[in-house]
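Morning, everyone. I have one structure to go through today, so let me put it on the screen.

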2 protein chains.
Amino acid sequence: MSFERVAIIGLGLLGGSIGLAVAEHLPHIVTHGYDADPEVRRRAGERGLVGQVCADATEAVAGADLVILCIPVGAMGDAARALAPALAPDTLISDVGSSKRTISEALARALPDHLVIPAHPVAGTEHSGPDAGFAHLFHQRWCIITPPAGAPSDKVKELVQFWEALGAMVETMDADHHDRVLAVTSHIPHLIAYTIVGTASDMEEVTRSEVIKYSAGGFRDFTRIAASDPTMWRDVFLHNRDAVLDMLEAFLTDLALMREAIRAGDGETMYELFSRTREIRRSIVALGQDDSRPDFGRADHR
Amino acid sequence: MSFERVAIIGLGLLGGSIGLAVAEHLPHIVTHGYDADPEVRRRAGERGLVGQVCADATEAVAGADLVILCIPVGAMGDAARALAPALAPDTLISDVGSSKRTISEALARALPDHLVIPAHPVAGTEHSGPDAGFAHLFHQRWCIITPPAGAPSDKVKELVQFWEALGAMVETMDADHHDRVLAVTSHIPHLIAYTIVGTASDMEEVTRSEVIKYSAGGFRDFTRIAASDPTMWRDVFLHNRDAVLDMLEAFLTDLALMREAIRAGDGETMYELFSRTREIRRSIVALGQDDSRPDFGRADHR
């Protein structure tokens with residue numbers, strides 16, 4: 001891998017974790033970072049998220065071989081336009097956004113003279129900001145790279161190697177397919193979690209305090225997801241609208257079938273669904289994508 | 001507390017955990033247990049889930065002060081009827097079922113001459129069976145007791161003390177209110193999780209293998225819940241139908257609003273919901289009902 005200087009724009013959970021992971025796994029790479037929020041820059045400096053925190057984005061990217069945008073997907077176009085004058089001609093631009101088609105287009109429009117290869121590490125926690133990142137966030141997690149048509153294969157390979165060096169497993173696919181896959185495995189789960197947590201908070205006959213007290217029956221798991229960064233997730237739904245709406249229809253159709261089964265007292269239909277969903281869990285645990293301990297290991301910790 | 005001999009009918013996750021918790025916290029109490037499945041009885045004996053595993057349910061309850069039914073809610077009426085002839089007149093009957101109104105009625109019908117005080121410890125994991133139980137399952141968890149009208153307060157108090165001794169915090173409420181609270185905090189979350197896991201498994205354009213690989217984006221959390229015991233959950237939806245259908249309507253109404261917001265590109269509505277849901281998470285963690293570590297502590301464990 002030929003990267004010698006990496007610029008990280010946005011020093012929250014993802015940007016901070018990349019900086020820390022580079023320091024751990026690729027210590028020869030020099031990292032510069034920038035965040036629009038001065039308080040985030042201060043904390044990033046204190047935590048040493050990058051080698052140098054810059055007060056200006058153009059300063060951070062000057063001389064970088066690789067620039068990674070770690071900001072909400074809705075902010076990427078403008079951010080890229082602001083960086084353009086400071087970028088060297090052969091700087092590779094990438095990102096970590098959770099939706100890829102509109103972002104690829106926005107970045108290509110903002111930087112018509114640069115090679116843009118978008119990426120999405122499928123990793124994170126419900127925490128955000130400069131205190132949330134940690135070096136092993138990407139270990140054993142997939143990173144999906146969505147190279148545009150005609151992207152030079154050596155450059156794609158360099159980006160693959162970069163992510164592999166941080167501990168990730170890498171797949172490449174086209175942006176549209178990415179957006180449909182992630183609508184299922186991430187965006188719809190977040191939409192559902194945010195919605196049910198909202199529904200539960202607004203009940204008249206069941207109080208908020210009851211919802212909180214008895215949350216160990218399952219609800220608390222949804223509140224973790226629904227504690228994710230609101231700006232980031234608003235932008236995901238604005239930018240992956242079509243795939244999210246399609247997948248939501250599929251979910252609503254299935255939920256209507258379950259509602260009918262409950263209305264009709266049709267235990268057989270319920271049992272059939274409830275028993276086959278176990279298999280997917282087993283596969284996810286077997287593939288190292290979740291903790292095998294019961295209750296995510298929370299039970300051990302109590 | 002005056003209980004000297006407790007019988008546990010059903011030696012899965014809940015029954016086994018009660019047996020182990022009694023041995024740890026109330027070692028003077030003698031426990032007898034029974035399970036309809038001989039293989040479960042064998043494992044229960046090996047693990048020492050109760051002091052004595054009986055080959056017959058009537059043998060297990062003979063002479064017991066307290067009998068706790070730890071079986072799917074749909075099986076409780078028949079099980080209670082089978083026990084009736086072997087129960088001493090002053091034996092207190094309780095259970096751990098996740099829905100309470102129909103169960104209370106079924107148990108009262110099956111045992112018209114006995115005092116029945118239903119209970120529901122709001123605790124569990126996605127695992128089931130005789131290997132799943134552990135002694136601290138009830139620590140820092142609420143147990144809801146739903147005494148029928150006219151239940152003697154000294155008997156209610158004894159049951160409260162029993163659960164407190166196992167590490168639980170206890171609330172009493174009426175069965176109908178319990179069923180509405182739990183529909184929100186447990187039953188609807190399970191229904192949604194089972195359904196979305198089913199939807200994701202059946203996609204044509206997104207393969208099962210992709211769903212599994214990229215599950216760390218949020219989906220994997222739902223698969224944990226959707227790995228819960230299918231018989232138990234079928235029975236919950238058959239027995240708490242009305243409350244579940246009501247709460248499902250509220251959720252579907254809110255989800256339709258979010259769908260409209262996504263269709264219309266209405267970021268403000270999304271942002272408003274996504275930011276207020278964080279507060280509930282904070283309260284749940286502050287109340288000790290969930291792990292404060294990011295990602296349920298899974299990130300530390302990797």
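Start with overall size: chain A has 302 residues and a radius of gyration of 21 Å, which agrees with the value near 19 Å that a compact globule of that length would have. Keep in mind that this is a predicted model. Along the principal axes, the C-alpha atoms of chain A fill a box of roughly 65 × 40 × 35 Å. In secondary structure, chain A has 13 helices and 9 strands.

Next, the two copies. Any such pair is described by a rotation about an axis and a shift along it. Which surface does each copy use? Of the interface residues of chain B, 100% are also interface residues in chain A, so the copies meet through the same surface.

Now one helix pair across the two chains. Helix α12 of chain A, residues 267-286, packs against helix α7 of chain B, residues 175-201. The angle is about 65° and the axes are 9 Å apart. The class of roughly perpendicular begins at 65 degrees, and α12(A) and α7(B) are therefore roughly perpendicular to each other. The crossing of α12(A) past α7(B) is left-handed.

Who makes the contact? From α12(A), it is Leu273(A), Phe274(A), Thr277(A) and Ile280(A); from α7(B), Tyr194(B), Val197(B), Gly198(B) and Ser201(B). Sorted by class, that contact has 5 nonpolar residues, 3 polar and no charged ones.

Key: Residues numbered from 1 in each chain as written. Chains lettered and ligands numbered in written order. Predicted model: local features only at pLDDT ≥ 70, side-chain atom pairs only at ≥ 80, totals over all residues. Axes fitted to C-alpha atoms, helices over the stretch in contact; angles between N-to-C directions. Helix = DSSP H or I, 4+ residues; strand = E, 2+ residues; numbered from the N terminus. Parallel < 35°, antiparallel > 145°, perpendicular 65-115°, else oblique. Left-handed = near helix turned anticlockwise from the far one by under 90°. Contact = placed C-beta atoms within 7 Å. Nonpolar A, V, L, I, M, F, W, Y, C, P; charged D, E, K, R; others polar. Rg over C-alpha atoms; globule rule 2.2 N^0.38 Å.
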